[in-house]
Amino acid sequence: MASQKEKRSIGWMGLSRGHKARPLEWIVEKMIFLISLSAILMVFLIFVFVTREAMPIFLGKADSSLVQQIIPASEMDKMPPEKLQEYLGLTPEEFKSKDRETLQLLMEVREEGAKEATDDRDAKVNTVSPRYIFKPYQWTGYDQPVYIWQPVSQIKKFNIIPLIVGSLKVTLVALLFSVPLALGAAIYVSQLAPPRLKEIVKPCIELLSGIPSVVLGFFALIVMASFLQGTFHYQSRLNAFNAGIALGLAIIPVVFSIAEDALTSVPRSYMQAALAVGSTKWQAAWKVILPAALPGVFAAVVLGFGRAVGETMIVLMASGNASIMSWNIFDSTRSITATIAAELAETVFGGPHYRMLFVIGVLLFIVTFISNLVGELIMHRVKGRLEGKR
Amino acid sequence: MTESPIKSVVVKSSAPPAEASQTPFIEVENLSLHYGTTRALKNISLKLGEKVVTAFIGPSGCGKSTFLRCFNRMNDLIDSVHIDGVIKIGGQDIYEKQVDAIELRKRVGMVFQRSNPFPKSIYENVAYGLRLQGIKAKQEIEGRVERSLRDAALWDEVKDRLQSSALGLSGGQQQRLCIARAIAIRPEIILMDEPASALDPIATAKIEELILELKKDFTIIIVTHNMQQAARISDHTAFFYLGELIEFDRTHKVFTNPAKRQTEDYVTGRFG
């Protein structure tokens, strides 16, 4: 009895005992908080890693020009170590780990390279500087300035515009194809379909998301490409259109399930109210339920966009993978993601090509981040308007 | 539910109350309704006159709301519902095959227990039904929105914020907006399913006042749990118990001199 009284007397009604009152709940709560924090941390760390690898290009320290100032290997000993390290483009750790002979060898390779370099004026160009990354340039042998991504050649060309256009083209086709279908299906399943049909259709569409993207890509490459070419009679069999349709198949279930959830969670009373003033089920679904579910539907589309921009395997397999600068959806194309996937394994670690792939990786990160942010903001506004808070 | 303890008092065909004995506007003959195998309404027959307020009272689960929903065929939306019998409105059987439920609902409006304005602007809420009827002229819509809001005694409170969301209104205002939405399309009958049960006394008083006003233009059927409310606003009252119509007569008679024992027990508060 006495001890109980003591326990109670910590603050009024035990109020000041705080988390000591329910230690288990407190621990669980903090654990969940930590876990969610670690997810955020993970995303942040990935971003830091990708950005770090791309940093030399952002800072203008990377140089891909073939003709550079050459210091003969025999003069190695006269150079201070810091200069030598910078000349060879090594990090301090790398520099320390290499012995004298290796360093000499590296210098000789450099010398050889300079001898072999062509007298092409482009050989002096640093192709990873912003001028050449973003703007068209008239390379030797071209009769006009062009946007070109050609990382494997004597003069490596890293213009990212064709890749951005490629990604946009494929994404646009995918969204134009999948959003109307997915939203239509979501409206039908959530509002109009008889319950028994709903039980069949909904899992079937969601099953589509279980198809591995490589299988979809395979299907698009072998079956769909021939079929679409036969139907629309365009020249290149694999192109942005084909990849976009295949990508659309992959994002239909994403858009569908979120939109369907949003539509189903609209109170049934709206439907009843609409029917009671004499609207058909279709009119009610279109004019009342869909606007009421707009924030959720919008979220579905934004998520679909994110998935479409980030999807790799389907685009890699079905787009023809040629980095042609063209807005025509019937030209072969290459997306940002496919470029990274196809080329990263073959680059020189730490070289200009390697760094450029990380630059487009950062670009991808930023695009999806901004699209999600904008989506979130718009959703917030629409929600506020619907709920009468504005 | 199928075996009723008071089967002996099934009213075969309630005589229409004296005042309504001109040609009845609504006639219900032997209406039965099943939810799957459960019989929710049993052989209900009654006749209602035009432009009167009829109240349906009875304990919870007695079928009065289900019965109300028969008049605009809202029960059609539930798959397991099966309906036998005849409901005639203006001489037309509304359950006949060629009757379009959508057109029927344009003539038989409904106000629900929980106010359910659309998440749109106040103006759009009222204009929705008008647009459904194919009215395109902006001026006509504006005029009818204003008139409906005036009829629903809401105009003065919302005239300066017609374009703001209806969900920003108070509960009572929302319910009057729902009434405005229902009367905007000028139905002949308005069904009200406990329209004031979620409201405070002041908002309730406004709704009741409104019903008495609307009675001049519309035939109103109201389901209510509040017996004082039924006594205050209705001309006729029907008392339901376990899916059966026990008594149907002038309100004054039902409350002061009921013919049936169950009715008396209920209106005096002995059960329910």
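In chain B, B:Gly109 stands opposite B:Ile190, a residue of strand β7. The model is a predicted one, in which local features need pLDDT of at least 70 and side-chain atom pairs count only at pLDDT 80 or more, while totals for chains, interfaces and linings use all residues. Residues are numbered from 1 along each chain as its sequence is written, and chains are lettered from A and ligands numbered from 1 in the order in which they are written.

### Strands of chain B

Helices (H or I, at least four residues) and strands (E, at least two) are DSSP runs, numbered from the N terminus. Two strands are said to pair if DSSP finds at least two bridges between them.

| Strands | Sense | Bridges |
|---|---|---|
| β1 (residues 26-35) and β4 (residues 81-89), chain B | antiparallel | eight bridges |
| β1 and β2 (residues 38-48), chain B | antiparallel | seven bridges |
| β6 and β7 (residues 189-193), chain B | parallel | four bridges |
| β9 (residues 236-241) and β10, chain B | antiparallel | six bridges |

Towards β4(B), B:Ile26 has B:Ile89 as its bridge partner; towards β2(B), B:Val28 stands opposite B:Leu46. The hairpin of β1(B) and β2(B) has two residues between its strands, and B:Gly36 there takes a positive phi near 60°.

An open sheet of chain B contains six strands in the order β6-β7-β8-β3-β9-β10, with mixed pairing. Strands β6 (108-111) and β10 (244-250) of chain B stand at its edges; each has a single partner strand, so one side of each lacks a neighbour in the sheet. On average, neighbouring strands of this sheet are turned by 15° against each other, direction ignored. Such angles lie between axes that are lines fitted to C-alpha atoms, for helices over the stretch in contact, and they run from 0 to 180 degrees between N-to-C directions. Helix α6 (residues 171-184) of chain B lies across β6 and β7 of chain B and runs at about 175° to β6(B).

A residue is buried if 20 or more other C-beta atoms lie within 10 Å of its own, exposed if 12 or fewer, and partly exposed in between, with C-beta atoms placed from the backbone. Across the pair, B:Phe239 stands opposite B:Glu247 of β10(B). The hairpin of β9(B) and β10(B) has two residues between the strands, and B:Leu242 in the turn has a positive phi of about 50°.

B:Ala238 lies in strand β9 of chain B. B:Ala238 counts as buried because it has 28 C-beta neighbours inside 10 Å. Leaving out residues up to four places away in sequence, B:Ala238 touches B:Leu46, B:Thr54, B:Phe56, B:Leu245 and B:Phe248; here two residues are in contact if their C-beta atoms, placed from the backbone, lie within 7 Å. By comparison, 33 Å separate the C-alpha atoms of B:Ala238 and B:Val145, which are 93 residues apart along the chain.

B:Lys51, in the loop between β2 and β3 (53-57) of chain B, has a positive phi near 55° although it is not a glycine. B:Lys51 has 15 other C-beta atoms within 10 Å and is therefore partly exposed. B:Arg186, in the loop between α6 and β7 of chain B, is another residue other than glycine with a positive phi, of about 50°. With 17 other C-beta atoms within 10 Å, B:Arg186 is partly exposed.

### The nonpolar core

A nonpolar core is a set of buried Ala, Val, Leu, Ile, Met, Phe, Trp, Tyr and Cys residues joined through C-beta atoms within 7 Å. The largest one has 153 residues, and those touching the most other members are A:Leu247, A:Val255, A:Ala259, A:Ile289, A:Ile314, A:Ala318 and B:Ile190. Helix α10 (residues 240-264) of chain A gives the most to this core, with 17 residues. Neighbours within four places in sequence aside, the contacts of A:Ile314 include A:Leu216, A:Ala246, A:Leu247 and A:Ala250.

### Contacts between chains and domains

The contact between the chains takes 24 residues from chain B and 18 residues from chain A. On the chain B side, the elements giving two or more residues are α2 (101-107), β6, α3 (122-132) and α6. The residues of that side divide into twelve nonpolar, seven polar and five charged. In this count Ala, Val, Leu, Ile, Met, Phe, Trp, Tyr, Cys and Pro are nonpolar, Asp, Glu, Lys and Arg are charged, and the others, Gly among them, are polar.

Chain A is divided into domain 1 (2-58) and domain 2 (161-386), with bounds from an automatic or database domain assignment. The centres of the two domains, taken over C-alpha atoms, are separated by 36 Å. Their contact takes seven residues from domain 1 of chain A and seven residues from domain 2 of chain A.
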